[in-house]
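Reader: Hi, I'm new to this one. Could you walk me through a few spots in it?

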Amino acid sequence: MLSTILHYCTNDYRFLDATLKQLSKFSDEIIIPMCDKFFNGELENQELLQKSKDIISKYDKCTLYMFEWHGEHRNPFYYSNLSRKLGTDIAKNEWILYVDTDELFTDEFQDWFMDNKDTDNTYWLTCNWYYREPIYQATKREAAGLLIKKKYCNWDIQNAVDRKSLFTRTNMINGDHVPVLSKTNEPMVDHFSWVRSKEELLSKVKNWGHKHDKDWVSLIEQEYSKEFDGTDIVHGYSYKTVENKYNL
């Protein structure tokens, strides 16, 4: 019924086991398309790659699909789109959930999915967003995790857009504007995008699709020269302190 395609590189290693534990609770299969290099051409961390394979092997529903780096491309979304296309091509189920490894799903998602799978074609789910540490949660919510019927998943890997490009062909419910929440009216995704060390963030901003948006390197260096001051360099959100519920 549901195939999950997990976007992964070793820079997300700290989240891998916790993410797979949560995804295994409701996924019929988990496909992990992974490039042999970071998207800027640097070789993957081989030590963490082996540790990643060891973690993945613990989960019966998981398939690791390694593919080769194709060289430099002007489109910053090329490799993220390619990995999701490769996963889609071998997915076996009607529904596909596209997830980044730093997007952790709560236990409430399974019941919500069973109640809503016949309602619409696409959901961009409401999420909580975190910064620096897993206890700092933004007071403003975002959206993360794309749930979509496979028949609408026609990836154009040359198109310089991300997952939201698929929405133009569906009846989308967007968690940015129309909250997609659990039965208890809570987000079902916790997005730990910027919960990383300085070194991990510097690697992240060299390889993601938004690398040209700001001078990220300078901003990160400045941010990590001081203690957390209650706001972030990405959005300027305010924060509250919460429990570290996944023990990250």
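**A buried arginine and a helix pair**

Author: Happy to! This is a predicted model. Let's start with Arg 132, which counts as buried because its relative accessibility is 12%, under the 20% cut-off.

Reader: Where does Arg 132 lie?

Author: Arg 132 is in the loop between strand S6 (122-131) and strand S7 (133-138).

Reader: And what is Arg 132 in contact with, leaving aside its neighbours within four places in sequence?

Author: Its contacts there are Trp 194, Val 195, Arg 196, Glu 223, Tyr 224, Lys 226, Glu 227 and Phe 228. With Lys 226 there is a polar pair: a polar side-chain atom of Arg 132 lies 3.3 Å from the backbone oxygen of Lys 226.

Reader: Nice. Switching to helices: at what angle do the axes of H1 and H2 cross?

Author: Roughly 5 degrees, and the axes of H1 (residues 13-23) and H2 (residues 46-56) come within 10 Å. H1 and H2 are therefore roughly parallel to each other.

Reader: Which residues meet there?

Author: From H1, Tyr 13, Leu 16, Asp 17 and Leu 20; from H2, Leu 48, Lys 51, Ser 52, Ile 55 and Ile 56. By type, the residues of this contact are six nonpolar, one polar and two charged.

Reader: Which residues in H2 are buried?

Author: Leu 49, Ser 52, Ile 55 and Ile 56. They sit on the same side of H2, because they cover an arc of only 120 degrees around the axis.

Reader: What covers the buried residues of H2?

Author: The cover includes H1, strand S2 (29-35) and strand S3 (62-67).

Reader: Anything to look at where H2 starts?

Author: There, a side-chain oxygen of Asn 45 comes to within 3.1 Å of the backbone nitrogen of Glu 47.

Key:
Residues are numbered from 1 along each chain as its sequence is written. This is a predicted model: local features need pLDDT of at least 70, side-chain atom pairs count only at pLDDT 80 or more; totals for chains, interfaces and linings use all residues. Side-chain values use heavy atoms; hydrogens and water are left out. Axes are lines fitted to C-alpha atoms, for helices over the stretch in contact, and angles run from 0 to 180 degrees between N-to-C directions. Helices (H or I, at least four residues) and strands (E, at least two) are DSSP runs, numbered from the N terminus. Angles under 35 degrees count as roughly parallel, over 145 as roughly antiparallel, 65 to 115 as roughly perpendicular and the rest as oblique. Contact means heavy atoms within 4.5 Å. Ala, Val, Leu, Ile, Met, Phe, Trp, Tyr, Cys and Pro count as nonpolar, Asp, Glu, Lys and Arg as charged, and the others, Gly among them, as polar. Buried means under 20% relative accessible area, exposed over 50%, partly exposed in between (1.4 Å probe, protein chains only). The arc is that of the directions from the helix axis to the C-beta atoms. A polar contact is a pair of N or O atoms within 3.5 Å; within protein, one must be able to donate a hydrogen and the other to accept it, and residues adjacent in sequence count only if both atoms are side-chain atoms.
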